[in-house]
Amino acid sequence: MAAGPNAPTEAAAGGYRISIASSQLSINAWGYWPPEVADAFTGEANAISRKLMLVSTFILDAAELKPQGAEGQQALRALFRVLAAMNLARGTFVANNMFTKMQLERLLRESGLGERVAAVD
Amino acid sequence: MTADEADATNALYGLYDALDDLLRGKGTQKMRGLWHHADYVSCSHPYGAWARGWAEVSATWEEGAAVWSVYSGHAQRADRIGGIHGLCVALLGDTAYGTSVYRSKFYMSDGELNLKANCTDVLHRIDGVWKVVHHHADQAPFAWQTRVGQMVRLGRS
């Protein structure tokens, strides 16, 4: 990728934080995930079913998450597939960016969680 | 109009031709080819926040294509979904910018969904070719965004 004038250093900044307490899964995600962050998230998502027998509450704070590229979407799909397989009953997410909100709703719908995880303001 | 201005003007119309392709499920190949794939490019659409750097910009166009992949209102129609009007182009060396008004019309199951948004686009001439480095469209009214969001949730238009 070519460098340019005034290239924003925050463009590549992105990450996540996963908190597991009892049967509650909370994830805070932000920015745009480069491939290494997406890969790490996929690994942690796949490990959730080994750490928790049941996820009764799922909260995704995506307030500062940007629409993701292919790798980031794949990572989020991995999480949603795990939650669908664990028969998650209910979850919520928040996204300030309308593009991100639409992306999450699409990925949730495609993962079979569209009726179970709802956007909140 | 000089030849340079004509080339820049054609590139700007090409951006909105690529947008129409994207909205009609014809892919993002044309759109990707029009942009300069650099860290300093940026865009903002009628919904969502700023995307900065090609990775983020590309993700918004790809997601736009995904959002509208469930739209079927133009399946049997030949008219364009949208286009720009009143384009004014200014040329400053290897930089050009255009201001215009974008109008689009979607045929949703519950009626027409119309949008009018002021747009600004910036081009850089790189190796003799005008490439898009910035695109900005006004944010759409809340009601318009809500109907698009509903389409995404339902998976149908």
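Predicted model: local features only at pLDDT ≥ 70, side-chain atom pairs only at ≥ 80, totals over all residues.

Residues are numbered from 1 along each chain as its sequence is written, and chains are lettered from A in the order in which they are written.

**Exercise 1.** Determine how many helices and strands chain B has, and in what pattern they follow.

*Solution.* Taking helices as DSSP runs of H or I of at least four residues and strands as runs of E of at least two, numbered from the N terminus, one finds four helices and six strands in chain B. Read along the sequence, they give α-α-β-β-α-β-β-β-β-α.

**Exercise 2.** Compare the radius of gyration of chain B with that of a compact globule.

*Solution.* The radius is taken over C-alpha atoms, and the globule rule is 2.2 Å times the number of residues to the power 0.38. For 157 residues the rule gives a value near 15 Å, with which the 16 Å of chain B agrees. Along its principal axes, the C-alpha trace of chain B spans about 45 × 30 × 25 Å.

**Exercise 3.** Describe the side of chain B that touches chain A.

*Solution.* Counting residues as in contact if their C-beta atoms, placed from the backbone, lie within 7 Å, the contact takes 24 residues from each of chain B and chain A. At least two residues each come from β2 (51–52), α3 (54–68) and α4 (142–154) of chain B, and α3(B) gives the largest share, nine residues.

How values were computed: Contact = placed C-beta atoms within 7 Å.
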